[in-house]
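Look at the sequence and the structure first.

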Amino acid sequence: MPSLGRLHLITDTRPGRDPLAVLRAALPVARAELVVQVRVEDDATDRQAYELARRVVALCRRYGATCLVNDRLHVALAVDAAGGHVGAEDLPVRAARRVLGSAAVLGATAREPGSAAEAVAAGASYLGVGPCHPTGTKTGLPAPIGPAGVRAVAEAVDVPVIAIGGVTAASVPALRAAGAYGVAVVGALSGAADPARATAELLGALRC
Ligand SMILES: Cc1ncc(COP(=O)(O)OP(=O)(O)O)c(N)n1
Ligand SMILES: Cc1nc(C(=O)O)sc1CCOP(=O)(O)O
Ligand SMILES: [Mg+2]
């Protein structure tokens with residue numbers, strides 16, 4: 001399995017957003033360092049998720065980037081994505097691993113060391129850990145865990161930890177120092193005036 005990219009761009013499909021335009025800006029800058037996670041709103045149809053995911057897979061292939069699909073693993077399989085990401089309300093990690101197969105990239109959300117270790121034992125190949133900081137992108141999240149929470153998880157597992165939630169280029173150094181392998185962002189790229197430049201800034205911070 002190729003090494004996991006450190007910058008994870010999660011698609012923003014809220015009204016008024018253009019996830020493919022953001023991706024077209026980020027890909028030439030980040031290339032194989034980019035992991036794109038196709039995430040759609042809960043009320044999106046499978047057909048909508050499939051149409052977005054197949055476009056993302058095609059774009060990622062041109063640049064050696066990796067495409068994962070959030071939640072909907074049948075869509076991941078249908079578009080030949082590299083894998084998927086699951087959380088507490090999705091298929092259990094062990095079941096997700098059965099669906100995707102042993103070679104797939106499988107991310108799992110973990111917010112503390114105990115569930116993190118369980119997810120790895122069940123087959124997760126990386127962990128999404130957060131929310132690190134306050135975020136307006138997703139509601140219903142627990143309180144931010146900060147770099148200290150990331151450190152607690154990173155010290156408990158031997159798979160890459162991807163920090164998520166309110167991450168900006170400015171917050172990357174503290175998260176990396178806490179043991180994060182990489183970061184996942186929505187707003188830092190989707191909301192950027194210049195997504196290509198924002199990609200370069202995030203990558204610059206990740207490479208330090
Ligand atoms: C990298 C990464 N980390 C965490 C999540 C959150 O997944 P989940 O808890 O299943 O919530 P939804 O994204 O499905 O709303 C993620 N998607 N990616
Ligand atoms: C989808 C998601 N999951 C989170 C978690 O902590 O599980 S935080 C989050 C949203 C991340 O968006 P932004 O980069 O704009 O803060
Ligand atoms: Mg989920």
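This is a predicted model: local features need pLDDT of at least 70, side-chain atom pairs count only at pLDDT 80 or more; totals for chains, interfaces and linings use all residues.

Residues are numbered from 1 along each chain as its sequence is written, chains are lettered from A and ligands numbered from 1 in the order in which they are written, and side-chain values use heavy atoms, with hydrogens and water left out.

**Magnesium site**

- Asp71 (OD) and Asp90 (OD) coordinate the magnesium ion, ligand 3, at 2.1 Å. Donors are N, O and S atoms within 2.8 Å of the metal (3.2 Å for Na, K and Ca); water is not among the atoms, so sites may look incomplete.
- The pair links distant parts of the chain, 19 residues apart. Asp71 lies in the loop between strand E3 (66-70) and helix H3 (73-78), and Asp90 in the loop between strand E4 (83-86) and helix H4 (93-100). Helices (H or I, at least four residues) and strands (E, at least two) are DSSP runs, numbered from the N terminus.
- Asp71 is partly exposed, with a relative accessible area of 29%. Asp90 is also partly exposed, at 24%. Buried means under 20% relative accessible area, exposed over 50%, and partly exposed in between (1.4 Å probe, protein chains only).
- Asp71 has a positive phi of about 70°, although it is not a glycine.

**Ligand 1**

- Ligand 1 is surrounded by 15 residues; the closest are Gln37, Arg39, Asp90, Thr109 and Lys138. A residue counts here if one of its heavy atoms lies within 4 Å of the molecule.
- A nitrogen atom of ligand 1 is 2.9 Å from an N or O atom in the side chain of Gln37.
- An oxygen atom of ligand 1 is 2.9 Å from an N or O atom in the side chain of Thr109. A backbone N or O atom of Gly87 lies 3.2 Å from an oxygen atom of ligand 1.
- Taken alone, ligand 1 exposes 420 Å², and the protein buries 89% of that. Accessible areas come from the Shrake-Rupley method with a 1.4 Å probe; for residues, only the protein chains shown count as cover.

**Ligand 2**

- Around ligand 2 there are 14 residues; the closest are Thr135, Thr137, Gly166, Val186 and Gly187.
- Thr135 has a side-chain N or O atom 2.6 Å from an oxygen atom of ligand 2. A polar backbone atom of Gly187 is 2.8 Å from an oxygen atom of ligand 2.
- Pro131 places a backbone N or O atom 3.2 Å from an oxygen atom of ligand 2. Taken alone, ligand 2 exposes 420 Å², of which the protein buries 94%.
- A cis peptide bond joins Gly130 and Pro131, with omega about 0°. Pro131 lies in the loop between strand E6 (126-129) and helix H6 (146-154).

**Elsewhere in the chain**

- Thr199 lies in helix H9 (residues 195-207). Thr199 counts as buried, because its relative accessibility is 0%. The backbone oxygen of Pro195 lies 2.7 Å from a polar atom of the Thr199 side chain.
- Arg31 is not a glycine, yet its phi is positive, near 45°. Arg31 sits in the loop between helix H1 (19-30) and strand E2 (34-38). Arg31 is partly exposed, at 42% relative accessible area.

Terms used: A polar contact is a pair of N or O atoms within 3.5 Å; within protein, one must be able to donate a hydrogen and the other to accept it, and residues adjacent in sequence count only if both atoms are side-chain atoms.
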